[in-house]
Amino acid sequence: MDSYSLTLVFIIGLIFAFMDAFGIGANDVANSFSTSVASKSLTLKQACFIAVFTEFLGALLLGSHTAKTIRDGIVDLSKFQGKQDALMVGMMCALIGSSTWVLTASKLGFPVSTTHSIIGATIGIGIVIHGFGVVNWGWANKGVLQIITSWFLSPLVAGIIGAIIYCSVKYLVLKRKTPFKNGLRFIPVYFFITVTIIIFFIVYKGTPGINLTSLGFPIILAVTLGIAFIAVLFAIFFYIPWVKRIIINHEDLKFYHIPFIHFIGEHKHLSEIALESGIPESKIDIMNIKKNSDIHEDIINYSAKDISNKMEKEQPKNEANKSLSKKLGGIFTHGINQEIAEYKNDEYKEMHDAAIKYDDNTEELYSFLQILTASFASFAHGSNDVANAVGPLTTIYYIWCTGLNPDSTLSIPIWILIFCAVAIDLGLITYGYNVMRSLGNKITLLTPTRGFSSELSACLTVLTCSRLSLPVSTTHCITGSTTAIGLCNGNLKSVNWKLLLFCGFSWILTLPIAGIIAGITFKLLYPIFMYYSSVPNSI
């Protein structure tokens, strides 16, 4: 095959690699932050702001700079020797199949594994070209049997771990006579546990580009415990004094005040903010004041509503006068202005009422840990799962540039990493709210302690099972842990079983649907590309 032939295949591959990465952001990244937003530890805007940086930097700085030509060796690459054109078109069709399914699932609010989607699409291509024998159907070398096992293993293991973590908080803190005091006592302990798990998670799952595992376990353990001990000191001397002033004294402090808390004088109380804003104090929700960067979201919404009403009376709206820039801006801000935590709460009131509620002040203590866990999990995710879109695109690009058979691993050009990282961020910002709504309060009622337990258990499950070479999916882990924590209420009615059934069904459909779409697309397009490639200067 000549170099720089089949240019149209490269262009189409580029478009659908972007769409696939977009789907990763809309689905995988969204489920990482869904519990934080649903429990109101973060607003949707804040979650997107954090994720934009953690995902992008994770993919760019810690992401692997090599990619497997065929994901996880699920299809025998040697069968494509001398058939560069088939492999190039096949990877393009795999991206079409994967992105189509992931974006469809995201629109429907179903959390699916983007890794399984690209693997399913690759299987479809392999079967269409070489038959069923080319696929690794067994357990060894990450075969199809491992993927099927993960549908059950991931949620089960994560559910057990999540229930253990949540029950420890529940019985050591939440159900005690003085839960807030007990919460303050145990916060350093949970800081130690959380940071230890996060560091191990990043080292073993989130640094394929710099391979920190080569340092050896003793060094990794020593560094991890050292960082965790520093985190304990941070909790004792900075975090606890900061959070006490917010919750007990009702001071309007921000997160960036934490390192300087001992040098900051008394700040305005919420009642003073209400008075200065001309808003009834009853409109102020004390427990949520610290969640916004400047002033409580309720104050903003309340004030904005008054201003809007006055403007409507004084001047009619004129949509035609909106500038093009504002319209374009509206496209990108539409996704971050959606309601998540309170979305259709009336429909799920009976389920939420079946969940046990605990002291709000104590729950609030765990918001910071929940945000910390979600942020670092997102950082590791960006470095690891960007390969789902990067791998096929790198294969297409290599064959297009050289016309040669690719090796089993390829060097990734930096522009491809940036290209896919940007697409992941755009997917979350514009489309991620669909999956966040499903994994939020639609499965069960989420609070900061429940959300923290769910996210931490997902990290621990992925870390542990990966080290044991057991197949797991982060998406499945989050779903399983959230369900198990809902069951800790002791009431089956506190969990949305209908939604979980749909989620499980979508997991099973991922492999065959992505594979069928990719296979049919290849059957239709490959003969067309081969016909026109034989015509000089056609494509």
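Where is Leu6 found in relation to helix 1? The predicted model places Leu6 in the segment before helix 1, which covers residues 7-38.

**Figure 1. Overview of the predicted chain.** In this predicted model, the chain contains 19 helices and 2 strands. Of its 539 residues, 54% are buried. Among contacts between residues at least 6 apart in sequence, 80% join residues at least 24 apart. The close-up views that follow take up individual residues and pairs of helices.

Figure 2. Leu6, in the segment before helix 1, has a phi near 55°, a positive value in a residue other than glycine. Leu6 has a relative accessible area of 4% and is therefore buried, since the cut-off for that class is under 20%. Lys40 lies in the loop between helix 1 and helix 2, the latter spanning 44-62, and its phi, at about 70°, is positive although Lys40 is not a glycine. With a relative accessibility of 31%, Lys40 counts as partly exposed, because this value falls between the 20% and 50% limits.

**Figure 3. The packing of helix 1 against helix 14.** The axes of helix 1 and helix 14, the latter comprising residues 387-402, come within 9 Å and cross at roughly 170°. Helix 1 is therefore roughly antiparallel to helix 14, as angles over 145 degrees are classed in this way. From helix 1, the contact is made by Thr7, Val9, Phe10, Gly13, Leu14, Ala17, Asp20, Ala21 and Ile24, and from helix 14 by Asn388, Ala389, Leu393, Ile396, Tyr397 and Trp400. Sorted by class, the contact of helix 1 with helix 14 has 11 nonpolar, 3 polar and 1 charged residues.

**Figure 4. Val75 in the loop between strand 1 and helix 3.** Val75 is found in the loop that runs between strand 1 (66-68) and helix 3. The relative accessible area of Val75 is 3%, so this residue is buried. Although Val75 and Ile119 are 44 residues apart along the chain, their C-alpha atoms are separated by 9.1 Å.

**Figure 5. The crossing of helix 3 and helix 4.** Helix 3, made up of residues 84-108, packs with helix 4 at an angle of about 140°, and the two axes are 8 Å apart. The pair is therefore oblique, because an angle has to be over 145 degrees to count as roughly antiparallel. Helix 3 passes helix 4 in a right-handed crossing. On the helix 3 side the contact is formed by Ala86, Gly90, Met91, Cys93, Ala94, Leu95, Ser98, Trp101 and Val102, while on the helix 4 side it is formed by Thr114, Ser117, Ile118, Ala121, Thr122, Ile125 and Ile129. By class, the contact of helix 3 with helix 4 comprises 11 nonpolar residues, 5 polar residues and no charged residues.

Figure 6. His130 is found in helix 4, which spans residues 114-130, and it counts as partly exposed at 25% relative accessibility. Leaving aside residues up to four places away in sequence, His130 touches Lys79, Phe80 and Lys83. The side chain of His130 reaches the backbone oxygen of Lys79 at 3.1 Å. His130 and Asp76, which are 54 residues apart in sequence, lie 9.8 Å apart in space, C-alpha to C-alpha.

**Figure 7. Ile236 in helix 7.** Ile236 lies in helix 7, residues 217-247, and counts as partly exposed at 38% relative accessibility. When residues up to four places away in sequence are not counted, Ile236 touches Pro188 and Pro241.

**Figure 8. The packing of helix 18 against helix 19.** Helix 18 (residues 474-487) and helix 19 (residues 497-533) pack at an angle of about 160°, with their axes 12 Å apart. This angle makes helix 18 roughly antiparallel to helix 19, and the crossing of helix 18 and helix 19 is left-handed. The contact is made by His476, Thr479, Thr483 and Leu487 of helix 18 together with Trp497, Leu500 and Trp507 of helix 19. The residues of the contact of helix 18 with helix 19 divide into 4 nonpolar and 3 polar, with no charged residues.

Conventions: Residues numbered from 1 in each chain as written. Heavy atoms only, no water. Helix = DSSP H or I, 4+ residues; strand = E, 2+ residues; numbered from the N terminus. Buried < 20%, exposed > 50% of the residue type's maximum accessible area, 1.4 Å probe, protein only. Contact = heavy atoms within 4.5 Å. Polar contact = N/O pair within 3.5 Å; in protein donor to acceptor, adjacent residues only side chain to side chain. Axes fitted to C-alpha atoms, helices over the stretch in contact; angles between N-to-C directions. Parallel < 35°, antiparallel > 145°, perpendicular 65-115°, else oblique. Left-handed = near helix turned anticlockwise from the far one by under 90°. Nonpolar A, V, L, I, M, F, W, Y, C, P; charged D, E, K, R; others polar.
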